[in-house]
Amino acid sequence: MPPAELEAARDRLVPDVVGDDLRVLFCGINPGLMTAATGHHFARPGNRFWPTLHASGFTPRQLHPSEQSELVRYGLGITNVVARASARADELSDQEYREGGRIVEEKVLRLRPRWLAVAGVTAYRVAFGDKKAKIGPQTRTIGNTRIWALPNPSGLNAHWTLATMAEEYGRLRAAAEADG
């Protein structure tokens, strides 16, 4: 995609992928420019979200970002901590993260997924005011919704490989399946 088209997508909003009776609502940090330009979550080719979902057993095959609406069939959804698109997450302020966390809490209370899975522990720490959070299940809940902090699937998060991310996402999948 030409750089001018990507830049034109800055600050654009991308609709959530949600439905009734979600097992897991995945929550990204914020849409990247490729996501905003295409309207498809985790659309940058180097992002490992879609391969990780498949490798961890959440989906029977690897979905393309353009097939994001199929997630609802599997009881899965996608939202973001901060709604506006940017080239990099470090363009966001702590205030945006905290306000985004408040908005995500409202969505979770309305949608009532069994799990909220925040893909980025650093974003989770700021958005939800939990400075000591680590990857994995959290003690905090939002209503009856449990929370899991996941590694960020961005290709920039290179110390997490596809295999190690799939293992962590698989732990969440097993917990979500055990819940019913």
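The second largest pocket of this predicted model is lined by 15 residues. Nearest its centre lie Ile29, Gly120, Val121, Thr122 and Ala123.

- Which helix gives the largest share of the lining? That is H5, with 4 residues.
- Helix H4 (94–111) and helix H5 (121–127) each contribute at least two lining residues.
- Sorted by class, the lining holds 9 nonpolar, 5 polar and 1 charged residues.

**Helix H6**
- Helix H6 covers residues 162–178, which makes 17 residues.
- Here is a check you can follow: at 1.5 Å a residue, H6 should span 24 Å, and its end C-alpha atoms are 24 Å apart, so the two values agree.
- Which residues of H6 are buried? They are Met165, Ala166, Glu168, Tyr169, Gly170, Leu172, Ala175 and Ala176.
- The cover over these buried residues includes strand S1 (24–28), helix H3 (49–55), strand S3 (115–119), S4 and strand S5 (145–150).

**Gln138, a residue of strand S4**
- Gln138 sits in strand S4, which runs over residues 136–142.
- Is Gln138 buried or exposed? Its relative accessible area is 10%, and buried means under 20%, so Gln138 counts as buried.
- The Gln138 side chain reaches the backbone oxygen of Lys134 at 2.8 Å.
- Leaving aside residues up to four places away in sequence, Gln138 touches Tyr124, Asp130, Ala133, Ile147 and Ala149.

Key: Residues numbered from 1 in each chain as written. Predicted model: local features only at pLDDT ≥ 70, side-chain atom pairs only at ≥ 80, totals over all residues. Heavy atoms only, no water. Buried < 20%, exposed > 50% of the residue type's maximum accessible area, 1.4 Å probe, protein only. Polar contact = N/O pair within 3.5 Å; in protein donor to acceptor, adjacent residues only side chain to side chain. Contact = heavy atoms within 4.5 Å. Expected span 1.5 Å × (residues − 1). 1 Å grid on protein atoms, 1.4 Å probe; cavity = no way out; pocket = protein on both sides within 12 Å on 5 of 7 lines; lining within 4 Å. Nonpolar A, V, L, I, M, F, W, Y, C, P; charged D, E, K, R; others polar.
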